[in-house]
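Welcome! Take a look at it first, then try each task before reading on.

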Amino acid sequence: HGDSVFFKYAGYTFSNGPSSLFDTNLDSLSSKLGIEIRERNFDYGKCRLAEGELIKGLELGLTGVKGGEYSYIIFPSSLGFGKSRTGIVPKMTPLIYEVWITKIKKQ
C-alpha cells in the first residue's frame with residue numbers, strides 16, 4: 001500500500017489566499033481553534049497514502065513529497081468536502097493546506 005507520511009499542517013478555507021483556519025495539528029495554532037490535539041483518537045500528522053485516510057485533495061498533494069519539504073496544497077471543493085458542510089467549512093469551499101513534511105516511511 002502507500003508510504004507513510006508524517007507532517008504538520010494548517011488547513012484553511014481558500015478565497016484569494018488562505019482565509020479561515022479550520023484545522024491544524026500545530027500546537028501554536030490549535031489554541032486559536034480550541035483544539036486539543038493530544039486528545040484526538042488517532043496519530044494525527046501521520047497517514048498512509050492511497051488508503052483513504054485523507055480527503056482526496058490532500059492525498060493527491062502529498063503524493064511524491066520528500067522529508068523536509070514545505071508547501072501549500074490548494075484544491076477545489078470537489079477534492080475536499082464537496083457538497084457537505086464540515087465543521088466551520090461551508091459546502092463547496094476550496095481548501096488550502098500549509099504543510100511541513102517531517103518524515104517519509106517507505107512501504
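**Exercise 1: A residue in a loop**

Met92 is partly exposed, with a relative accessible area of 47%. Please keep in mind that this is a predicted model.

*Solution.* 
- Step 1: Turn to the backbone. Most residues other than glycine have a negative phi.

**Exercise 2: The overall plan**

*Task.* Work out how many helices and strands the protein has, and in which order the elements run.

*Solution.* 
- Step 1: Count the elements. The secondary structure consists of two helices and five strands.
- Step 2: The order reads β-β-α-β-α-β-β.
- Step 3: Look at the whole chain. Of its 107 residues, 40% count as buried.
- Step 4: Consider the contacts between residues at least 6 apart in sequence. Among these, 57% join residues at least 24 apart.
- Step 5: Finish with the surface. The accessible surface comes to about 6,300 Å², and 51% of this belongs to carbon and sulfur atoms.

**Exercise 3: Strand β1 and its partners**

*Task.* Find which strands pair with β1, and over how many bridges.

*Solution.* 
- Step 1: Locate the strand. β1 spans residues 4-14, and nine of its 11 residues are buried.
- Step 2: Take β5. This strand pairs with β1 in the antiparallel sense over 10 bridges.
- Step 3: Take β2 (residues 18-24). Here the pairing with β1 is again antiparallel, over four bridges.
- Step 4: Take β3 (residues 46-48). Three bridges join this strand to β1, and the two run antiparallel. In β3, Cys47 is the bridge partner of Val5.
- Step 5: Pick out Gly11. This residue stands opposite Tyr97 in β5 and also opposite Asp23 in β2.
- Step 6: Visit the hairpin of β1 and β2. Three residues lie between the strands, and Asn16 takes a positive phi near 60°.

**Exercise 4: Glu59**

*Task.* Decide: is Glu59 buried or exposed?

*Solution.* 
- Step 1: Glu59 belongs to helix α2 (residues 56-62).
- Step 2: Compare the area with the cut-off. The relative accessible area of Glu59 is 10%, under the 20% limit, so this residue is buried.
- Step 3: List the contacts. Leaving out residues up to four places away in sequence, Glu59 touches Leu49, Ala50, Glu51, Gly52 and Leu54.

**Exercise 5: Glu69**

*Task.* Describe what Glu69 touches, and what its side chain reaches.

*Solution.* 
- Step 1: Glu69 is in the loop between α2 and β4, and at 32% relative accessibility it counts as partly exposed.
- Step 2: Look along the chain. Glu69 and Ile101 are 32 residues apart, yet their C-alpha atoms are separated by 5.3 Å.
- Step 3: Gather the contacts. Not counting residues up to four places away in sequence, Glu69 touches Val99, Trp100 and Ile101.
- Step 4: Follow the side chain. The side chain of Glu69 reaches the backbone nitrogen of Lys66 at 3.1 Å.

How values were computed: Residues numbered from 1 in each chain as written. Predicted model: local features only at pLDDT ≥ 70, side-chain atom pairs only at ≥ 80, totals over all residues. Heavy atoms only, no water. Buried < 20%, exposed > 50% of the residue type's maximum accessible area, 1.4 Å probe, protein only. Contact = heavy atoms within 4.5 Å. Pairing = 2+ DSSP bridges. Polar contact = N/O pair within 3.5 Å; in protein donor to acceptor, adjacent residues only side chain to side chain. Areas by Shrake-Rupley, 256 points an atom, 1.4 Å probe, with all protein chains shown as cover.
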